[in-house]
Every structure is written in structure tokens, then in C-alpha cells.
Amino acid sequence: MDPKALRYTKTHEWAAMSGDIVTVGISNFAADQLQDITYIKLPAAGDSVTADRSFGEIETVKAVSDLYAPVSGTVTEVNQQAADTPELIKSSPFGDGWLVRIRVAPGSTLNHLQSYDDYQKQIASEAH
Amino acid sequence: MSDAYILNTPGDQQAMLQTIGARSLEELFAPIPSELRLNRPLNLPSASSEIELHQHLDRLAKKNVSANDAVCFLGGGAYDHFVPTVVDMIAGRSEYYTAYTPYQAEASQGSLQAFFEYQSLICQLTGLDIANASLYDGGSGVAEAVIMALNVSPKKHQVLIAESVHPEYRQVLATYLVNLKAELVTLPTPKGYLEPETLRNALSDQTACVVVQHPNFFGCLEEVETVASMAHDRQALFVVSFDPISTGILKRPGDYGADIAVAEGQCLGTPLSFGGPYLGILACRKQYVRQMPGRLVGETVDRNGKRCWVLTLQAREQHIRREKATSNICTNQGLFALRAAVFLTALGPQGLKETAELCLQKAHYACDMLCRQAQAAVRFERPFFKEFTVSVQCDDVPRCLSGLARNGYHAGLHMGRWYNWLNDSFSVAVTEKRTQEEIDGLASALAFRLLHMQKGGA
């Protein structure tokens, strides 16, 4: 995935739409902030998710962070490889480290999410 | 006010005040608004001297009867088992006795190693993959195990528990579940154990777990292998509350299909202590580790390659996961886990087996004697281990039991206290400590007491 072509939530998830399937992952900024990921809890295929609500968790030695759904819909696919080897999320957050695929209602868009540029502005003000 | 019990002298106080630049103790309380100040001394009696204090505490202590003052046949979760002296010797060492919480691994290697050894011994005892560093007691252990099962299967909300599980454990469980989305169903056990048909009719796709106690509150063995396979057929977890001493002779929970095993660990090296503090044991299959509550000690190596221990998988716990934590427990019964570890190590597998065999033999001898000498009747046609329930020809069992207490026998627990259909029955526990003389004495005391009551005696 080309990061510049993706849309972003304020909580550092990225989304890419293809037809009515949205692929979701976390940005490299988020992955870097997390240091060593020890465990990731993802939903199962068939589960429904709601926009802005938690659909999973990422765990490090010292903290647990929620993963927030950028869209509402039904989970069609879960990246088991990333779940089994969380290092993949750090090494390839936009590629093999994708997390879930969600089927959305026909006619949905990602317009409510930030563009790459807006997201860069957000993390520039957050980074310290 | 006597300064006898306070370490700091007025001179120490002055030195401390000078160091921080305060002129008086009063100055330190200045930020508190005067309308909130008590402005009078606390209404306490003057301090007692050491002599007076000892006398006072002695008087209070004498109001209690210990298991040493009368022959103890009481059971129902806490038992008068033998505590080898070596347990007190090791647990009493100040490094263990006063050690505090082990969150700083660099300062707690001794405690962490002891808890790790305890965890390892519990895994051996249960035949399960992982044990935690302990919970409060057997009752809250059942509650935590059920909550684990509900978290393992978040779409299932039904909990099936046999009536033959300790009634107070069931009360504790109901309390823990009161604000959770869970349906607690108690399955009747009129025959003294959970009958497979009863379970079959109750199981559904909504069942998260099935809970039995083995041996159960009546002392009877449950059909654990059948319960395990029935639960698993419906993708429900099998939770068992077991008797640690019984593993010296009965199959281990892991070997008969339990997914989570919990227990009251008081029987492993801790005296009755008027009800506590006790020890909650919990062990489970490794796929459930992330739903486990409580502290988990793990073994690792430091940066010099030396073996050491740490609290691990802390992201389960509430100091990290907050309201989504697996449990709100953030402690363990360290001292009692240590006692259990010393106890198990001192006895070893052979010692535990001998202890269990003695309990079994003596309990069966006692049951026999009570039936033959005092016309007691075995209440349930079930195999039993160290505890059994008998009914007697008496319309006031509590009065009979208090009469026996006056004769020097704590004869047993009145089952009518919890089960109104067992008003004529009481349970008797017989540990390795009970002698033939004591058992024979109980039988004749009971026979005499029943006769006395039948003749209208007090």
C-alpha cells in the first residue's frame, strides 16, 4: 500500500477501499511509538465492527492500546500472519502488517477520514 | 501518652523537623482548613503496658476454641491437616514473612523464585499447563475461573454450576457475576452428585462453562470424566474446584479433562486460623493464559545470562489494562503460596500419596463406625474420599452437634444450614491426623448423645 494513497483516522489507523472491502492497518508512526508488540487481539471473520469503536487491541510489555475501526461493517478477513508474528506490523505496517478487511455498505466512502497530508500535520503536532 | 510503642523520640522528631525546615508538627497541618480540624485529642484510652496488653489479648484469644482443644472432624473447605514444622520454619524467616509486593524484580528475586516454584508444583499437582501465583481463596477462585470462561467465549453467557459445589463458593460466584452479562444456573444434585442426565438437559449453545467440585461439598466424587466430555461436546469449558490433598490418590484435574482447576489451598500447610487467610489455587490449559487473573511469575535470563524471575504478562492486569483487565485482583497470597510450596516439597509425591491414603482409610473407617455404633446412615450412595455425609435419627441435629462439642468433639457440619432437604444430616471430615481412638470416641459419643436426646435429654 502506498501510504500517500491511504486515508487515516485520528487514532492512527489507515484505511484503503477497493470495491466494498476496506483494508485496515496502523500507520508507521503508531508502530514506531509502540516499541515491541507482544500480542495483538483481532476480531474473527464474521464479526461486525462499528466506526470509532474498538475492534481489537495491541499489547506491549507495558501498555495495551485499542484499535479503532475507521468504518462500520462486517469483518471478512483477518491477517492471521500479523496476529501470529506481531513484528510484521512494525516491519511492514502498510504492507504485510495489515490487520483486517471489512465489508462496508454499498456506496460507503472514506471521505470522513483524513488525507495523508492532514495526517502528517496531525502527527507533526503530536510528536515530541 | 506512652511512647513505649512508637519508635521516634522527641529528639528524632526535632531532627526531622529541622531537616525539612518546619518549626513544629502543627505547622505541617497548616494547609488543612481550620473548620475541618478535629481540635481535640482522639477519644482513646491511655496506652496499656506490655503486661496489661498481653493479659488483654490472652483473654480475647481464650474466647476461641482451636482445633487442638477438641477433636476436629469439621470440613467443608477447610481441614485440620498436618502442618510439618519445616513449613513454619521457612515461612517464618523474616525475609519471607515481611517481604512485600514483588513488582520490582531487582528487589524480589527470593519471593519471585518461591512463587515460580509454587506455580510449577501446582502444575504438577493438577496436570495443567499454567498456574498463577495464587488468588485469595477457594471461593473467589471459582468466581475468577468462571469469569475466565466467560471471557474465553464472549458470545456465551450461561454458567452451569452443580448444587453440590460449596454453597458459599456459589454465593461468592453470584456476587461476582451480579453486574456481568451472565446467567447463573444451579443444577440440583438430589443424589449427592451431578447426574449426567441433569447436565445434558441443561447444556446449550449458550453455555460458557460447567462447574463442579470434586470431591464435592457432601464429600462425594462427581462423574468428572462424563461431565468433561459433555461440556466439551457443546464447546463449553469444564471448571473444577478440587481438593489438593485428593490428588495424592485421585486422578489429576488435567488428566480427566478440566480446562481450569481451582482449589482452596489451606490444606497445603496452613492451619485453620479461624477461617483465614487462606490460599486460592488456579491453573489452566495454556491457550487460556491471556484470560488468567492475578500475578504470573515467569522465568527468564538477565542481561548477563543469569537465570532470574519476573512478573510477566502484566498487560492482563488492571494496573495496565484498567477496566478491561481480566480481574481487579492485584495481589496474591504470597506467604500461603510459599507454605504450600514448602509443604508439597517436604511431603513429595510419596508423602502426598500416603496422606491421601490415610485420609481415605480413616474416613471410611469412621463412616463405618458411625453407622454401626450410632445408627447413622450414609446419605448418598457415592464413593467418597476424606469427607462424607450421614443422616441420624434426630430432629435437632444442631443441638446434637453442640452437645458433642461439649463432649470435646467438633463432630461435623450441619447440612441443613445450607440444604433444607438435608436437615437430618451432617458432614464429617477425617484427616490423617485423626486417630482410631478419636474416631471410636466420636462414634460412642454420638451414640450416647442420640440416645440421650431420644429419651428427652437436653
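Is I329(B) buried, exposed or partly exposed? With 19 C-beta neighbours inside 10 Å, I329(B) counts as partly exposed. The scale runs as follows: a residue is buried if 20 or more other C-beta atoms lie within 10 Å of its own, exposed if 12 or fewer, and partly exposed in between, with C-beta atoms placed from the backbone.

This is a predicted model, in which local features need pLDDT of at least 70, side-chain atom pairs count only at pLDDT 80 or more, and totals for chains, interfaces and linings use all residues. Residues are numbered from 1 along each chain as its sequence is written, while chains are lettered from A and ligands numbered from 1 in the order in which they are written.

Start with chain B as a whole. It has 14 helices and 15 strands. Both are DSSP runs, numbered from the N terminus: helices are H or I with at least four residues, strands are E with at least two. The C-alpha atoms of chain B fill a box of roughly 80 × 55 × 50 Å along the principal axes. Of the 458 residues in chain B, 44% are buried. Take the contacts in chain B between residues at least 6 apart in sequence: 73% of them join residues at least 24 apart. A contact here means that two C-beta atoms, placed from the backbone, lie within 7 Å.

Chain B is divided into domain 1 (71-81 + 348-454) and domain 2 (85-342). These bounds come from an automatic or database domain assignment. The C-alpha centres of domain 1 and domain 2 of chain B lie 28 Å apart. Their contact takes 24 residues from domain 1 of chain B and 22 residues from domain 2 of chain B. On the domain 1 side, helix 12 (334-374) and strand 12 (387-391) of chain B each supply at least two residues. Helix 12 of chain B gives the largest share of that side, seven residues. By class, the domain 1 side has 12 nonpolar, six polar and six charged residues. For this count, Ala, Val, Leu, Ile, Met, Phe, Trp, Tyr, Cys and Pro are nonpolar, Asp, Glu, Lys and Arg are charged, and the others, Gly among them, are polar.

Now turn to a sheet. Seven strands of chain B form an open sheet in the order 2-8-7-6-5-3-4, with mixed pairing. Two strands pair if DSSP finds at least two bridges between them. Strand 2 (130-131) and strand 4 (183-187) of chain B are the edge strands, and each pairs on one side only. Strand 3 (residues 158-162) of chain B runs parallel to strand 4 of chain B, and five bridges join them. Within strand 4 of chain B, T186(B) is the bridge partner of I161(B). Helix 8 (residues 167-177) of chain B packs on the sheet and touches strand 3, strand 4 and strand 6 (237-242) of chain B. The direction of helix 8 makes about 165° with that of strand 4 of chain B. Axes are lines fitted to C-alpha atoms, for helices over the stretch in contact, and angles run from 0 to 180 degrees between N-to-C directions.

What lies inside? A nonpolar core is a set of buried Ala, Val, Leu, Ile, Met, Phe, Trp, Tyr and Cys residues joined through C-beta atoms within 7 Å. The largest has 123 residues, and V146(B), V210(B), V211(B) and V239(B) touch the most other members. Helix 12 of chain B gives the most to this core, with 19 residues. The core draws at least three residues from each of domain 1 and domain 2 of chain B. Beyond four places in sequence, the residues that V210(B) touches include L160(B), L199(B) and F238(B).

Strand 12 of chain B is mostly covered, with four of its five residues buried. It pairs antiparallel with strand 15 (residues 425-429) of chain B over five bridges. There, V390(B) stands opposite F426(B). Strand 11 (residues 377-378) of chain B also pairs antiparallel with strand 12 of chain B, over two bridges.

V392(B) lies in the loop between strand 12 and helix 13 (397-406) of chain B. V392(B) counts as buried because it has 22 C-beta neighbours inside 10 Å. Its contacts beyond four places in sequence include A374(B), C400(B) and L450(B).

Return to I329(B), in the loop between helix 11 (318-321) and helix 12 of chain B. Leaving out residues up to four places away in sequence, I329(B) touches L135(B), P293(B) and G294(B). I329(B) and P293(B) are 36 residues apart in sequence and 7.1 Å apart, C-alpha to C-alpha.
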